[in-house]
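Please look over the sequence and the structure before reading on.

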Amino acid sequence: MCGIVGYIGDREAFPILIKGLQRLEYRGYDSAGVALISDASELQIYKKKGKVSELMAATTSQNRSGRIGIGHTRWATHGEPNDINSHPHSSQNKNLVIIHNGIIENYAALKSGLSKRGHTFISDTDTEVLIHLIEDIKEHEGLKLGHAVQAALRQVVGAYAIVVMDKEDPETLVAAKKGSPMVIGIGSTGDFFIASDASPIVEYTKNVVYLEDEQVAVLRKGKALKIRNLKDKEITPYVQKLTIELEAIEKGGYDHFMLKEIYEQPRSIKDSMRGRLIADEAKVQLGGIVDYEAHFKQAKRIIIIGCGTSWHAGLVGEYLFEELARIPVEVEYASEFRYRNPILFSDDIVIAVSQSGETADTLAAIELAKQKGAKIIGICNVVGSSIARASHAGSYTHAGPEIGVASTKAFTAQVTVLTLMALHIARLKAGISDSRYRQMLYEMETIPAKVEAVLKTSPSIKDIASTYKDVKNALYLGRGITFPVALEGALKLKEISYIHAEGYPAAEMKHGPIALIDEDMPVVVIATKGANYEKVLSNIQEVKARKGKIIAVVTEGDTEVKSMADHCIEIPETDEYLSPLLSVIPLQLLSYEIAVMRGCNVDQPRNLAKSVTVE
Ligand code: M6R
């Protein structure tokens with residue numbers, strides 16, 4: 001969480017920093033701040049609780065000039081969101097300033113040592129401790145800033161992406177990272193851009209260097225980028241070309257990123273399949289896992305790990321792999337897996353699912369699984385992300401940047417890749433009949449057009465939203481492969497509209513949640529055609545008998561559910577095992593419409609951040 005930006009060059013830094021912070025605001029939005037050094041070597045720090053727009057408004061009359069600066073948007077960990085705890089933070093002598101994403105786990109011990117040496121602190125943050133430590137080392141050991149940062153970081157336990165600036169040396173920025181992402185953009189006029197991801201940089205340059213863990217970069221205007229690791233070994237920067245385009249990270253006429261991303265799904269699903277699904281040749285090609293096909297064939301077990309929506313996609317993957325490839329699957333919350341000493345075998349395959357590729361728990365779970373000898377297959381959206389790099393092999397989802405905090409197109413892209421993977425492995429293991437395999441490939445090709453058709457139901461979903469926008473609770477039910485879709489629907493409603501919602505396997509309802517049902521309780525049921533259809537009809541009857549309100553997602557042309565439900569949303573017919581790609585769309589739209597009607601901040605729901613880089 002937290003977004004960081006930095007600039008050094010010949011342009012005015014403030015507009016670059018502010019625009020960058022707005023692009024990174026999805027990472028955290030408790031407070032925002034910038035520090036600038038003017039041409040007259042004056043250090044200005046502006047920081048404020050609230051959004052970047054509030055910081056802008058509060059500083060309009062200030063001198064915001066300077067060609068070197070750093071900026072931060074915060075998701076609070078240590079210390080409540082307020083002006084003082086906002087970044088940047090200053091050292092004791094006020095010459096050094098820092099922005100930080102991550103957590104310094106041993107900050108209390110460091111702070112007590114520094115206090116004994118006369119340092120005083122004004123915030124509750126771990127970050128302020130780090131800048132005092134850097135200053136302490138710099139002053140006492142007479143080091144240059146880059147070396148002082150290296151020495152300080154050698155004492156730090158935890159995760160960080162930091163940028164440090166020194167009022168006394170306005171030609172230099174020092175950046176470092178461990179466990180939190182950082183990209184350095186190399187401008188064409190000797191200038192440099194720093195950010196937590198590429199979105200603030202792409203407008204200015206496509207040449208970037210992804211800093212690796214425990215690397216410290218020294219950026220001097222007009223000079224070559226210098227990188228050293230914490231052991232002071234010089235590293236040659238590896239310059240890569242960015243492939244994302246500016247349009248992909250802008251709203252493109254939609255009111256919210258979430259809505260844009262929902263509507264992008266016909267395209268993003270197609271992109272996830274592009275070059276991989278060749279139905280006419282009855283072929284699935286997943287270049288990223290070719291070298292691990294033998295491991296998949298021998299695997300006695302697959303463990304899928306992830307968090308939140310990615311965990312839900314993993315649950316869909318469980319149904320797919322077990323049904324198609326006949327490999328036993330366990331799906332684990334990464335945060336639980338990493339701390340429960342799991343039993344792993346060298347022939348286990350661990351599939352790590354993550355949109356951002358930066359989720360701290362998933363990353364730590366991968367490291368644990370690697371130590372225990374398992375093979376890691378990453379399914380990530382963000383190219384070059386930490387999880388993608390930590391995996392032995394993998395397949396990107398190619399959904400394009402997802403900015404809205406609520407995952408939408410990332411989920412369908414993850415499910416698409418898991419489906420392709422399950423089909424491919426099923427074929428390799430000869431666990432699927434030729435006719436079913438071919439049929440599913442042809443059916444997959446039709447999914448983007450069918451998603452397009454589901455999106456057309458949006459006016460009726462808006463009507464349903466207006467009926468239920470003021471409810472306090474909602475229940476989501478599904479059975480079999482639609483159960484994870486129910487979980488995902490409930491999560492979407494909770495996170496953006498703050499309505500309490502529970503997802504349940506439909507048959508489990510009578511073991512407890514049925515007690516909640518009365519005439520005020522909307523129950524969203526995924527009642528599409530499939531093996532459990534008749535059973536779901538009975539579950540709907542059970543709800544109706546207790547006067548609950550049924551909002552059903554049904555297969556086009558269904559008349560039975562229609563005769564029982566209060567509202568029906570039709571989706572095109574498809575293979576049951578592909579149906580999550582369609583049935584989740586109305587649930588995304590329903591939560592979006594309800595959140596908008598309730599006046600919620602859809603793209604930046606309270607307390608949340610897009611990538612959860614702290615555990
Ligand atoms: O980037 P990741 O996919 O690893 O993120 C995992 C969760 O934090 C994420 O899916 C979260 O649950 C979504 N914001 C929910 O919409």
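Pro-88 is found in the loop between strand S4 (68–74) and strand S5 (89–90). The model is a predicted one, in which local features need pLDDT of at least 70 and side-chain atom pairs count only at pLDDT 80 or more, while totals for chains, interfaces and linings use all residues. Residues are numbered from 1 along each chain as its sequence is written, and side-chain values use heavy atoms, with hydrogens and water left out. Helices (H or I, at least four residues) and strands (E, at least two) are DSSP runs, numbered from the N terminus.

The peptide bond between His-87 and Pro-88 is cis, with omega at about 0 degrees. As background, most residues other than glycine have a negative phi, and most peptide bonds are trans.

Lys-94 is placed in the loop between S5 and strand S6 (96–104). Ala-282 belongs to the loop between strand S16 (277–278) and strand S17 (283–284). To describe their surroundings, a residue is called buried under 20% relative accessible area, exposed over 50%, and partly exposed in between (1.4 Å probe, protein chains only). Lys-94 is partly exposed because its relative accessibility is 47%. Ala-282 has a relative accessible area of 7% and is therefore buried.

## The protein as a whole

The protein has 19 helices and 27 strands. Its radius of gyration is 25 Å, close to the 25 Å that the globule rule gives for 615 residues, so the protein is as compact as a globular protein of that length. The radius is taken over C-alpha atoms, and the globule rule is 2.2 Å times the number of residues to the power 0.38. Along the principal axes, the C-alpha atoms fill a box of roughly 80 × 55 × 45 Å.

Of the 615 residues, 60% count as buried. A contact means heavy atoms within 4.5 Å. Among contacts with a separation of 6 or more, 71% are between residues 24 or more positions apart. The accessible surface comes to about 22900 Å², and 49% of this area belongs to carbon and sulfur atoms. Such areas come from the Shrake-Rupley method with a 1.4 Å probe; for residues, only the protein chains shown count as cover.

There are 71 positive and 78 negative side chains, and the centres of the two sets lie 2 Å apart. Lys and Arg count as positive and Asp and Glu as negative, whereas His and the chain ends are not counted. The place of a charge is taken as NZ of Lys, CZ of Arg, CG of Asp or CD of Glu.

## Buried residues in helices and a strand

Thr-419 lies in helix H13 (residues 409–428). Its relative accessibility is 1%, so Thr-419 counts as buried. A polar atom of the Thr-419 side chain lies 2.6 Å from the backbone oxygen of Val-415. Not counting residues up to four places away in sequence, Thr-419 touches Leu-320, Met-444 and Leu-578.

Ala-152 is part of helix H5 (residues 145–154). With 0% relative accessibility, Ala-152 counts as buried. Beyond residues up to four places away in sequence, Ala-152 touches Leu-130, Leu-133, Ile-134 and Ile-137.

Ile-571 belongs to strand S27 (residues 567–571), and it is buried at 1% relative accessibility. Leaving aside neighbours within four places in sequence, its contacts include Val-454, Thr-528 and Leu-582.

## A loop with accessible residues

Thr-189 sits in the loop between strand S9 (183–186) and strand S10 (192–195). Thr-189 is partly exposed, with a relative accessible area of 49%. Its side chain forms a polar contact of 3.2 Å with the side chain of Asp-191. A polar contact is a pair of N or O atoms within 3.5 Å; within protein, one must be able to donate a hydrogen and the other to accept it, and residues adjacent in sequence count only if both atoms are side-chain atoms.

Which loop holds Ser-188? Ser-188 is found in the loop between S9 and S10. Ser-188 counts as exposed because its relative accessibility is 72%.

## Distances along the chain and in space

The table sets sequence separation beside C-alpha distance.

| Pair | Separation in sequence | C-alpha distance |
|---|---|---|
| Ala-152 and Lys-138 | 14 residues | 9.0 Å |
| Thr-189 and Arg-11 | 178 residues | 9.8 Å |
| Ile-571 and Ile-377 | 194 residues | 32 Å |
| Ser-188 and Ala-595 | 407 residues | 43 Å |
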